[in-house]
Amino acid sequence: MSGSHAVLHDPTGLMDTELPLDRAPHEALVTAVLAWNDPDLAPCDYEQIALQLTGHARAVAADVRRLAAALPKSDGRGALAEVVLREAEGRLAAPLKGTSCCVQNRARLVRALYTRLDRLTEPASATT
């Protein structure tokens, strides 16, 4: 592939709301990455895994943001989601590095976002 990239035009925001997350394979990837001791991969392999996790983290964050916005202001789950989303934005803004540490940090972020997503989809009484 050349150094160019394609930009998707999604003026109605369907990509964030209509496509279901492919959760199982990404959770398996997160589990495998977090179990690493010293995988000794090439930097480009680490970068590819980090890119995969970064893209998925952004998709999960969009779901968290959408669900949190739909909650009443009095629901504390929305405030907690905002904290997680701010943290996610900061971590996603960090440049990718071809290291296992970078990949594991992205894996932890995906796991944290899924934890928050699960809390937002639980009935309110189950979280108090």
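A: A contact means heavy atoms within 4.5 Å. Leaving aside neighbours within four places in sequence, Leu-113 is in contact with Ala-57, Val-60, Ala-61, Val-64, Val-84, Leu-85 and Ala-88. The model is predicted: local features need pLDDT of at least 70 and side-chain atom pairs count only at pLDDT 80 or more, while totals for chains, interfaces and linings use all residues. Residues are numbered from 1 along each chain as its sequence is written, and side-chain values use heavy atoms, with hydrogens and water left out.

Q: Which secondary structure elements does the protein have, and in what order do they run?

A: Helices (H or I, at least four residues) and strands (E, at least two) are DSSP runs, numbered from the N terminus. Here there are 5 helices and 0 strands, and the order from the N terminus is α-α-α-α-α. Of the contacts with a separation of 6 or more, 74% join residues 24 or more positions apart.

Q: How is a nonpolar core read, and how many residues does the largest one have?

A: In soluble globular proteins, nonpolar side chains tend to be buried together. A nonpolar core is a set of buried Ala, Val, Leu, Ile, Met, Phe, Trp, Tyr and Cys residues joined through side-chain atoms within 4.5 Å. Buried means under 20% relative accessible area, exposed over 50%, and partly exposed in between (1.4 Å probe, protein chains only). The largest core has 26 residues, and Leu-53, Val-64, Val-103 and Leu-113 have the most contacts inside it. At least two residues of this core come from each of helix 2 (23-34), helix 3 (43-70), helix 4 (76-93) and helix 5. Across the protein, 29% of the 128 residues are buried.

Q: Is Leu-92 buried or exposed, and which residues does Leu-92 touch?

A: Leu-92, in helix 4, is buried because its relative accessibility is 10%. Not counting residues up to four places away in sequence, Leu-92 touches Thr-54, Ala-57, Arg-58, Arg-106 and Leu-109.

Q: Is Thr-121 buried or exposed?

A: Thr-121, in helix 5, counts as exposed because its relative accessibility is 52%. Thr-121 and Leu-67 are 54 residues apart in sequence, yet 7.8 Å apart in space, C-alpha to C-alpha.

Q: How many disulfides are found?

A: A disulfide is a pair of cysteine sulfur atoms within 2.5 Å. A search of the whole structure gives 0. For Cys-101, the closest cysteine sulfur is that of Cys-102 at 7.5 Å, which is too far for a bond. Cys-101 is partly exposed at 49% relative accessible area, and Cys-44 is partly exposed at 48% relative accessibility.

Q: Where is Asp-40 placed, and what is its phi?

A: Asp-40 lies in the loop between helix 2 and helix 3. Its phi is positive, about 55°, although Asp-40 is not a glycine. At 67% relative accessibility, Asp-40 is exposed.
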